[in-house]
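I put each question down before I looked for the answer.

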Amino acid sequence: MASNGSDLPPAAGRTPLRATADNALKIVVVGGFGVGKTTLVGSVSEIRPLNTEEVMTKAGEGIDPAGAWGKRSTTVAFDFGRITLSESQVLYLFGAPGQERFWFLWDRLFSGALGAVVLVDTRRLEDSWYAIDRLEHHGTPFIVARNNFGEPTHTLDQVREALDLSAEVPLVDCDARDRESGKRVLIELVRHLTALAEAEAAALPEARTAPEAPQAPVTLEYEESTP
Amino acid sequence: MNAGPVLPGRDDDPDRLYTITRGRSRSPENAFDLVTLLVAEREPAPGMQSEHVRILRMCEAPTAVVEVAAELALPVSVVKILLGDLLETGAITARHPRFAPTKARLPDLDTLKQVLHGLQRL
């Protein structure tokens, strides 16, 4: 799809999950056009990254089926890969379009993600401002990874300043094509989440308890509001 | 929001989507996350809609909603409608994500520890 730079064909020859898999987690990789989201997802994924799409309809249009599937809806495409973590747990990585016209994705499509990686290209840092703003606004924890295209021309401190990134948000270098490098980025995010969760647990000891029984997601309706 | 471009090579003809979903455009409320894992509980029955048959074949091993959508080359919301049919009749069961971030913003420490160990083993 032209709008996010991916043009992946449908799956051929699937690799099934283990029969014991019963809990899937999500991490979102977000960034501007051509920054290497699909490359990063692909370098750590156990399956070739797949592409799928969602149809978003505006308020009220869902009641008219022809309208909902018709010209008044918007199609957004995204890539994903997966990593089997254990007998029961599997992690899905989503390469999310970071452009402004996809703002509505943040609160809907990827709700429930553990956190996000903002992938930046220092030649086009402004492409990531919007994504960072949305993540901050939504309260989604994230780290920033600079995908190195050749010799870096800026220090990470200069990048941090240009992005107006607060000191608590980790900023790392990576090579999205390299599996070990991609792995380190994900580990950095999980460590950041752990530090945040520990700080929260220290502040509110009673709030951090074991997960409850599996439950259906609270809302996944795509309409703006129900008519 | 303007209508987005249609993926090349995909059949996004509204008439076709209308037919596949038998005119329905809303996925079942609260039924599926993008990564809800689906497991087939029975063999496809004769005369079943071809998409339902493909889903049941795929879900012989646990399969996430997004993977079904990618495999069928159909939008996620269309797939959720089809999955809703199968869930309703007991042909599939759903394993929902245990992490419910709408209640607590951060995942619990046990989950994070397991994710970290899993990533380190890669």
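**Entry 1**

Is the crossing of H6(A) and H5(B) left-handed or right-handed? I keep in mind that this is a predicted model, and I find that H6(A) and H5(B) cross in the left-handed sense.

I then looked up the geometry, since two packed helices are described by the angle between their axes and the distance between the axes.

Next I listed who takes part in the contact. From H6(A) I noted A:Lys183, A:Leu186, A:Ile187, A:Val190, A:Arg191, A:Leu193, A:Thr194, A:Ala197 and A:Glu198, and from H5(B) I noted B:Leu109, B:Leu112, B:Val115, B:Leu116, B:Leu119 and B:Gln120. Sorted by kind, the residues of this contact comprise 10 nonpolar, two polar and three charged.

**Entry 1: chain B as a whole**

How many helices and strands are there in chain B? I find five helices and three strands, and read from the N terminus on they follow the order α-β-α-β-α-α-β-α. Chain B has 122 residues, of which 56% count as buried. I also looked at contacts in chain B between residues at least 6 apart in sequence, and 68% of these join residues at least 24 apart.

The three strands form an open sheet in the order S2-S1-S3, with antiparallel pairing. Strand S2 (63-64) and strand S3 (92-95) of chain B are at the edges with a single partner strand each, so one side of each has no neighbour in the sheet. Strand S1 of chain B, residues 37-40, is joined to S2(B) by two bridges, and I noted that B:Leu37 is opposite B:Ala64 in S2(B).

In the loop between H3 and H4 of chain B I came to B:Ala73, which has a positive phi of about 55° although it is not a glycine. I marked it because most residues other than glycine have a negative phi. With a relative accessible area of 17%, B:Ala73 is buried.

**Entry 2: strands of chain A**

How many of the residues of S1(A) are buried? I find nine of nine, with A:Asn23, A:Leu25, A:Ile27, A:Val29 and A:Gly31 on one side and A:Ala24, A:Lys26, A:Val28 and A:Val30 on the other. I recalled here that in a regular strand the side chains alternate between the two faces of the sheet.

S1(A), residues 23-31, pairs with S5(A) in the parallel sense over four bridges, and with strand S4 (residues 89-97) of chain A, also in the parallel sense, over nine bridges. A:Ile27 is opposite A:Leu93 in S4(A), while in S5(A) its bridge partner is A:Gly115.

S5(A), residues 115-120, has six of its six residues buried, and both of its faces are covered. Five bridges join S5(A) to strand S6 (residues 142-147) of chain A, and these two strands run parallel. In that pairing A:Val120 is opposite A:Arg146.

Is A:Asp164 buried or exposed? I first placed A:Asp164 in the loop between helix H5 (156-163) and strand S7 (171-174) of chain A, and noted its positive phi of about 55° although it is not a glycine. A:Asp164 has 67% relative accessibility, and therefore counts as exposed.

Key. Residues are numbered from 1 along each chain as its sequence is written. Chains are lettered from A and ligands numbered from 1 in the order in which they are written. This is a predicted model: local features need pLDDT of at least 70, side-chain atom pairs count only at pLDDT 80 or more; totals for chains, interfaces and linings use all residues. Side-chain values use heavy atoms; hydrogens and water are left out. Two strands pair if DSSP finds at least two bridges between them. A crossing is left-handed if the near helix is turned anticlockwise from the far one by less than a right angle, and right-handed if clockwise. Contact means heavy atoms within 4.5 Å. Ala, Val, Leu, Ile, Met, Phe, Trp, Tyr, Cys and Pro count as nonpolar, Asp, Glu, Lys and Arg as charged, and the others, Gly among them, as polar. Buried means under 20% relative accessible area, exposed over 50%, partly exposed in between (1.4 Å probe, protein chains only).
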